Amino acid sequence: MQVISEVAPLRDQISQWRKADKRIAFVPTMGNLHQGHLTLVRKARELGEVVAVSIFVNPMQFDRADDLANYPRTLEDDLAQLREEGVDLVFTPSAEVLYPQGLETHTTVDVPGLSTMLEGASRPGHFRGVATVVTKLFNLVQPSVACFGEKDFQQLAVIRKMVTDMAMPIEIVGVPTVRESDGLAMSSRNNNLTVDERQRAPVLAKTMRWMSAQMRNGRRDLDDLIEDAHDQLRAAGLQPDEFYIRDASTLGQVTEESRQAVILVAAYLGQTRLIDNLVVELQRAADKAEKAESASH
């Protein structure tokens, strides 16, 4: 496994692979790897002849200096795990390598609409930072396919739109969220939870499953449903931060025509901000009428 931290040797290796007509599968990460990341790597192995992973804690997407400073960095452990998975190349640039002139004057990539709604509204500039670094990594690695986790639902939507709009010849593959046995979505931030907080954390997923059942049973007073969910989280010691129920394909409001909704949740547990989401299959009014009519015949 090659570990490369500079642009020139990375370009050399990518050039060799492309000349040999190798299909490159890519997994961008911020390190502190867990089974969720390794699931992405295994998916990449299925989809490409060579697998490249990047490890870079991207300062452009953090809106709080303390959050950036506290983000867990475990490079040696990460490399050992990736070596075990048979990864071919790991790109580990510094901020100086990716942003040689600094952040303030660097060209940015902005995906309008999707970047400034929901999570983007409460974290201005976050998705611009994500889109910019992912575009730069795509330009450097030149993958045929790239794998992203569905846990970051809005991020995945932003990247899909960016790739489509910019006509990038890259297939974006979303990989389902990997969960602990008690339902908690795997995340590097889980390491920051105390023992007591870790025991309470699965309430987030449990609450979403309850909401999903309510919606599948026809409940449509979504604002009240969100309030009820807030109460459940607060009762378990979590502080709701963001809570949305949106059309899963557009991230706009759920309508009579929506086939799937997505519950998007962020909540604080102590100092740790947990995020999660759940897609819900909806019965449209037209489908219900059709079903009722066929049952009556």
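Colleague: What should I know before I start?

Modeller: Residues are numbered from 1 along each chain as its sequence is written, and side-chain values use heavy atoms, with hydrogens and water left out. The model is predicted: local features need pLDDT of at least 70 and side-chain atom pairs count only at pLDDT 80 or more, while totals for chains, interfaces and linings use all residues.

Colleague: How do I read a pair of packed helices?

Modeller: Two packed helices are described by the angle between their axes and the distance between the axes. Axes are lines fitted to C-alpha atoms, for helices over the stretch in contact, and angles run from 0 to 180 degrees between N-to-C directions. Helices (H or I, at least four residues) and strands (E, at least two) are DSSP runs, numbered from the N terminus.

Colleague: At what angle do the axes of α10 and α11 cross?

Modeller: Roughly 150°, and the axes come within 10 Å. Helix α10 covers residues 203-216 and helix α11 residues 222-235. The two are therefore roughly antiparallel. Angles under 35 degrees count as roughly parallel, over 145 as roughly antiparallel, 65 to 115 as roughly perpendicular and the rest as oblique.

Colleague: Take Thr207 of α10. Buried or exposed?

Modeller: Buried means under 20% relative accessible area, exposed over 50%, partly exposed in between (1.4 Å probe, protein chains only). Thr207 has 1% relative accessibility, so it counts as buried. Beyond residues up to four places away in sequence, Thr207 touches Ala229, Gln232 and Leu233.

Colleague: How do α7 and α8 pack?

Modeller: Their axes cross at roughly 50° and come within 10 Å. That makes α7 and α8 oblique to each other. Their crossing is right-handed. In α7, Phe127, Val130, Ala131, Val134, Thr135 and Phe138 meet Gln154, Gln155, Val158, Ile159, Met162 and Val163 of α8. This contact has nine nonpolar, three polar and no charged residues.

Colleague: And at what angle do α1 and α7 pack?

Modeller: About 55°, with their axes 9 Å apart. So α1 is oblique to α7. Val7, Leu10, Arg11 and Ile14 of α1 meet Asn139, Leu140 and Val141 of α7. The classes are five nonpolar, one polar and one charged.

Colleague: How many residues does the largest nonpolar core have?

Modeller: A nonpolar core is a set of buried Ala, Val, Leu, Ile, Met, Phe, Trp, Tyr and Cys residues joined through side-chain atoms within 4.5 Å. The largest has 41 residues. Leu98, Val134, Phe138, Phe148, Met162 and Ile172 have the most contacts inside it. Among the elements that each supply at least two residues are α1 (7-19), α7 (126-141), β5 (145-149) and α8 (153-165). Helix α7 gives the most, with nine residues.

Colleague: What does Phe148 contact?

Modeller: Setting aside neighbours within four places in sequence, its partners include Val134, Phe138, Ile159 and Ile172. Apart from this core lies another, of 24 residues, among them Leu193, Met215, Leu225 and Leu233.

Colleague: How is Arg83 placed?

Modeller: Arg83 is in helix α4 (residues 75-84). At 48% relative accessibility, Arg83 counts as partly exposed. Met1 is 82 residues away along the chain, yet the C-alpha atoms of Arg83 and Met1 are separated by 6.3 Å. Leaving aside neighbours within four places in sequence, Arg83 contacts Met1 and Val3.

Note on methods. Contact = heavy atoms within 4.5 Å. Nonpolar A, V, L, I, M, F, W, Y, C, P; charged D, E, K, R; others polar. Left-handed = near helix turned anticlockwise from the far one by under 90°.
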